[in-house]
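Hi there,

Here is the structure I promised to pass on to you. Please open it alongside this message and read the two together.

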Amino acid sequence: MAGRPAALNKRLIQELHKTRQEDNPALTYLAPPDDSDLHHWRAGLRGTPDSPYEGGVWDIDIIIPDNYPLAPPTIKFITKICHPNINIKTGEICLDLLKSEWSAAYTISSTMTAIQTLLTSPEPNSPLNVDAAALLNDGDTMGYESLVRYYVWRYARKETDL
Amino acid sequence: MSAATNFNFSVIVIPSAARPVAANLDFPTLNQSLSFALEVSSPSDFQTLYSQDSKGGNTFKGLLYVPDLDPSDPCDNHDLVPRNITRKANLPMDDLKLIAYAPLITQHCSRQYMYSAENDNVAAFIFYGVPAKYSNHTDPLQGEEYPFEYPVYFLDGAIGQPLMNKLSEYSANMSEVYNGFNLTEAGYDIRDYARIYTVISTRNTNPMPGLWLFLLVVVAVLLFIIGASSLLMHLFQFHYRRSLRRRIANGEVDLEGLGVGRITVPREFLAKFPLYVYIAENGGQSTPPKRKAQNSTAATRSAPKEEGRRKEKVRVPSAVVVKEGVSIMIPATITTERKSKGKERVKDKSKSPTAIDTTTSPEMAEVSTSKGLTLASPTTPSTKSRSSPRVQSPSTSSPQLGGAQTPTASSPPHHRGYHQTSCPICLDDFIHQETTVRELPCLHIFHPECIDPYLESQSSLCVLCKQSCLPKGYVPIRLTNAIVRRERLLRSVRERSREVAAATAANNGGNSNDEGGILWRWRLRRLRRQELDLMGRQALVRAGRGNYGERGRGGGFGLGPQYREQRVVEDVVRPRWRETMDRIFPGFR
Ligand SMILES: [Zn+2]
Ligand SMILES: [Zn+2]
């Protein structure tokens, strides 16, 4: 067990190395804000093309636990986002991948891709944003999408500004 | 209160010398043809005036006599009570059981008699009706607190008066009683006593017995039904448990999906997973892949280096080092040469839900069928050679396709793995001929120091493909009824949703090229689970349990977490009565 933190850091260095080598199209950036603390990362998540989230970029906060990658990272949206499974105030994400379905084979980068997937395939049955989920459950896709677009326009950073 | 059912009067013979035990009046009956006997059993002939006996079923026995009154008491009316009536003094012994007998004249007289009888310690009192001119026909007990313990009965006068006369006939010695001459002629001792002996049978007048009996029958029937259905349910449950055990043993059950909590791999199983020294296909060089068909079925260990990019693992029972000079069977890998083919194959791969390939370079991608087997392209020249294709299916029992090209089944097990060049947990590259790797049953390889703690503490599933690492036939959990129920529900839901999910997955899974397909497999699982979740919810709502969907915030998708919650509830909060109910009726929910 003594060797664990060292192994963890090695993995994080590997991941950092890898993210610098190859870009994840889902992200505008992915890096620890402070290179001395690999347990805290930041990312910019692109809205999925051809979705109401298109054009938006959301900042995401990633906290890596000590027993990563055995345990999943804690991931939160910093930028306000309207999504049935994301808490609009805290940015908390309800995603099985970050809980029971976590696997050590996921990297931070691939986890981000999964979160981008969540944007276009919400699960209104386990909502953290009741209003958005209600719209979806009622089949009001138009209302839901315009609500999402409003939040994109109002809060998200714009890809064109980058 | 118990009512009399029967009065029996007979004459018994008490030997003068006898000294009977008071409780036992077991004397012979006087010859019936020479004496008298009377049975009163018609309910219209008598009634029970008072009885403290609540149980009923008792019999009161004793010698019949008329209690003594004060000689001056007008109640001792000699028109009714003959002078030679049997009095206490006429009875042979003091401590015999007695039954008092008297006419029911007035309330006052009744009380006089009863007090006298109380002093004589009688077992019961029988009044009989007298003609109207003697009586005001009052109930002797009317409006009184009755202080006596013995029961009081009333006999109809039509029977009572003749009986009184009879009683007067059996008060003297044997020669003077009724038929005395004949009796002495018949050999009865003249000194013996012939007296009227009375037996009063009672039964409970309470209407309850019938009701009790009815209730008893109802309860018995209920108990029988409960017992029978319980037995039946236990039988069914036993059957279900056995079939579940069998299916788990056959590896047909997704144990993690059952939500039985964290299933880990015991150390003894972990120790059985092979450890190898990793040997890279390109011999540790980072040269670009040079694919070549290989004809040899056996080669020395030096061969891989010469023949370009190839990967193999050398089986080492537990030691880490491969001894020099050991020759290793190396089956030729299927090799492909052109990038254009590679791209084609990537497309194919994405259609196959079980294809697992962790390679990232298109050159290394392989055509895979939906069975998960790697097949060589027929046009590739290498297939003409006697090469054995690598089995890509995680299942070790999968047949090796392309057997026609494999002259011998000499392919050793350590050549069936994936093109894994790095450990998925720490992301470190494996070092050729140096890194010891642990191979799981699904053939994925990891650093033992990375995968062992994970399997021992986190999960029994492979990190990459989520396939169980537990051996077939191993049942890692105690199969409780709750688990059996849950599995049945899940299975029925799953069966209904399987086609839907497969169709959805086919529509959604087409455009993935993420790393190793692992993210894509998650998407597939998620889709399937969402489908399951919905169906399970509907099923449970139909079953009248609407709170299925109520979950804590951030509870996550899918059945897993929520069933886990349910399990916690079952284990902790369930009251004892439900536990008991569950034990009796294991099938109920
Ligand atoms: Zn490792
Ligand atoms: Zn695996």
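Below are some notes on what turned up.

First, some housekeeping. This is a predicted model, in which local features need pLDDT of at least 70 and side-chain atom pairs count only at pLDDT 80 or more, while totals for chains, interfaces and linings use all residues. Residues are numbered from 1 along each chain as its sequence is written, chains are lettered from A and ligands numbered from 1 in the order in which they are written, and side-chain values use heavy atoms, with hydrogens and water left out.

**Chain A**

Chain A holds 4 helices and 5 strands, where helices (H or I, at least four residues) and strands (E, at least two) are DSSP runs numbered from the N terminus. Their order from the N terminus is α-β-β-β-β-α-α-α-β. Of its 162 residues, 52% count as buried; buried means under 20% relative accessible area, exposed over 50%, and partly exposed in between (1.4 Å probe, protein chains only).

Helix α3 of chain A covers residues 130–137, and at its start a side-chain oxygen of Asn129(A) comes to within 3.3 Å of the backbone nitrogen of Asp131(A). After α3(A) comes Gly139(A), with a positive phi near 80°.

Donors are N, O and S atoms within 2.8 Å of the metal (3.2 Å for Na, K and Ca); water is not among the atoms, so sites may look incomplete. Cys423(B) sits in the loop between α7 (339–351) and β11 (436–439) of chain B, and His447(B) in the loop between β12 (445–446) and α8 (448–457), so the pair ties together parts 24 residues apart in sequence. Cys423(B) is buried, at 0% relative accessible area, and His447(B) also counts as buried, at 7%.

Around the zinc ion (ligand 2) are Cys442(B) (SG), His444(B) (ND1), Cys462(B) (SG) and Cys465(B) (SG), at 1.9 to 2.2 Å. The angles between these 4 donor atoms are 103 to 115°, which makes this arrangement tetrahedral. The spacing here is C-x1-H-x17-C-x2-C. His444(B), in the loop between β11 and β12 of chain B, and Cys465(B), in the loop between α8 and α9 (481–508), link distant parts of the chain, 21 residues apart. Both His444(B) and Cys465(B) are buried.

Cys462(B) lies in the loop between α8 and α9 of chain B and is buried, with a relative accessible area of 0%. Leaving aside neighbours within four places in sequence, Cys462(B) is in contact with residues including Leu440(B), Phe446(B) and Cys469(B), contact meaning heavy atoms within 4.5 Å.

**Nonpolar cores**

A nonpolar core is a set of buried Ala, Val, Leu, Ile, Met, Phe, Trp, Tyr and Cys residues joined through side-chain atoms within 4.5 Å. The largest has 66 residues, of which Phe9(B), Phe125(B) and Leu155(B) touch the most other members. Strand β1 (residues 2–14) of chain B gives this core its largest share, 7 residues. A second, separate core of 40 residues includes Cys82(A), Leu98(A), Ala156(A) and Trp522(B).

Enjoy exploring!

Terms used: Polar contact = N/O pair within 3.5 Å; in protein donor to acceptor, adjacent residues only side chain to side chain. Tetrahedral: all angles 85-135°; square planar, octahedral: opposite > 155°, others 65-115°.
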